[in-house]
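I opened my notebook with a plain wish: to look up how this structure is put together, piece by piece. Here is what I wrote down along the way.

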Amino acid sequence: MAEPLAESRDVTRRFGAHVAVQRVSVAVQQGEVLGLLGANGAGKTTLLRMLLGLLPPSEGEVRLFGERPSFAGRRRIGYMPQGLGLYDDLTPMENLRFARAVYGVSRSAPHQALPEVAVGRLPLGVQRRVAFAQVLQHRPQLLVLDEPTSGVDPLMRARLWQEVRAAADGGAGVLITTHHMEEAEQCDRLVVMADAQVVAAGGLEDILAGEEMVLLDTPDWAAAMSLLEAKGLEPALVGRSLRLPAAAEEAARQALAGVDVRLRRAPATLEERFVELAAGRA
Amino acid sequence: MSWGLVGVTVRFGRTPALQSVDLELPAGEVRVVVGGDGAGKTTLLKAAAGALHPESGEVSRPAATRVGYLPASSGVYPDLSVAENLQFAAAAYGVAGEALRARRGMLLARAGLDRVERRLGSELSGGMRQKLGVIRAMLHRPDLLVLDEPTTGVDPMSRRDLWWLIAHAAAEGTAVLIATTYLDEAERASKLLLLDHGRALAAGTAEEVVQAMPGRLWTGDAKPADDAAGRAWRRGRRWRLWSPDGDAAPPQGWQAAAPDLQDAVTALLLGGELRPVEGGAA
């Protein structure tokens, strides 16, 4: 396998007594989309900043394009922060032109017609397309996208993902942070962080690890819910079914003794699995 | 008891924000409206909550004091503490006494906010702010609870707490209406409404919306030909290709795929985009 585009080797970062990232090793390879999942405060942003060379690790090593992070290396990165990184007072074209000047590249491909309005006055979905155009126009080898599709509709999300996948097909490595499980399922590999550490890594199937949920169908889900909660169980309502981790099945049967209820098993969703992994660390 | 909208149209100037939209909101059920930025979700929620009056159509809702409404801005006062925010809401809705104290304590504890009661609204994380906003809106056990994107940008742990609050309100007999851009949340509701440019593109259970997808869906590994690229999207490394006319056989190299909600919604939104072009050709 070729050398990773970005890599952390056993990296730890402390802020005073607080450990934000603890012994984390991740690597972004050419042509792959790597998803970084974690609750707020799990250490994702700190890890990202170290991988970008913006923050030195307390221990361990970060490699960017096979070297220590440097200013020259940053030109090969396209970074889209959560706030999109656009100038609200400039038009889309002015934003793109400015970024080209910063990166020292000439215009690569003609852009679709862009509105001649200040970016701050455009709908969120259009702003996101401009931000994507901006991070892609200097043909970065490493794309780093922090929650790239928050708040856009599924069609817009599908279009933005087409751009992400096209960049990966062209050989770029993509590192994405997301809270959004539909988006996580689009990634080739996932790294799940909780409480400053990696708690799971691999493909979707590896993360799901065959975990199951038990589904409870009953005519009166509200009554069943309060019976379960009285026994300390925390069912989730999905449609008109209640869902619990499969390990809670026996406790659920006991809590609902005498109630008209049908139990069945279903695979856990990524979000359910994530919550279990994260809660296991808390 | 059931609330809702029948044939509701809202215009801002000449721009139609909602076009003859129907939505039933039965007691004890969670309904989700899904769509992108500018689809009309906020306008629909405002109409349902009584915050704006439609140009035409019928809105049935409980008295204003029996509605709980969380605007997209979260409705939390930044300069008041968590406790003061709730006190303010309780006074506004005229609820007080031991029952309020018990309910308030239970909701705060379940949402993990009981330890931050003195913290100012401006000092809360995004997830905490949203949870406080939902508790504020449901503190008085409203008959109708209307929540505008309570989970956008919120991490999965807070999302779990928010959905517990939502299910709890429904279990108490409240009719709940939620706007979201996330399809996994649309699947958690008993029924969903897909909105685009102020029009209802589909409505019903998740299964019904999947069945409402016109045409056929194909899946393949190679990029589709140029003339079809506008009807294609990515799912991980694979492609999906939508034939709106429902050709019986797939193009060469493609196989039939069973659509899920994400595919169906993407196709329905694409269909909505293609429609004006068809009309223009006539």
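Predicted model: local features only at pLDDT ≥ 70, side-chain atom pairs only at ≥ 80, totals over all residues.

Next I checked where the two domains of chain B meet. Domain 1 of chain B brings ten residues to the contact, and domain 2 of chain B brings nine. On the domain 1 side, I found that α6 (183–188), β8 (191–196) and β9 (199–204) of chain B each give at least two residues. I sorted that side by class and noted six nonpolar, two polar and two charged residues.

Then I turned to the contact between the chains. I noted 35 residues from chain B and 34 residues from chain A. Which elements of chain B give two or more residues to the side that touches chain A? I listed α5 (156–171), α6, β11 (232–235) and α8 (261–281) of chain B. The largest share, six residues, comes from α5(B). By class, this side of chain B has 13 nonpolar, 13 polar and nine charged residues.

Last, I looked over chain A by itself. I found ten helices and 13 strands in chain A, and its C-alpha atoms fill a box of roughly 75 × 45 × 35 Å along the principal axes. Of the 282 residues in chain A, 41% are buried. Among contacts in chain A with a separation of 6 or more, 72% join residues 24 or more positions apart.

Terms used. Residues numbered from 1 in each chain as written. Chains lettered and ligands numbered in written order. Helix = DSSP H or I, 4+ residues; strand = E, 2+ residues; numbered from the N terminus. Buried ≥ 20, exposed ≤ 12 C-beta atoms within 10 Å, placed from the backbone. Contact = placed C-beta atoms within 7 Å. Nonpolar A, V, L, I, M, F, W, Y, C, P; charged D, E, K, R; others polar.
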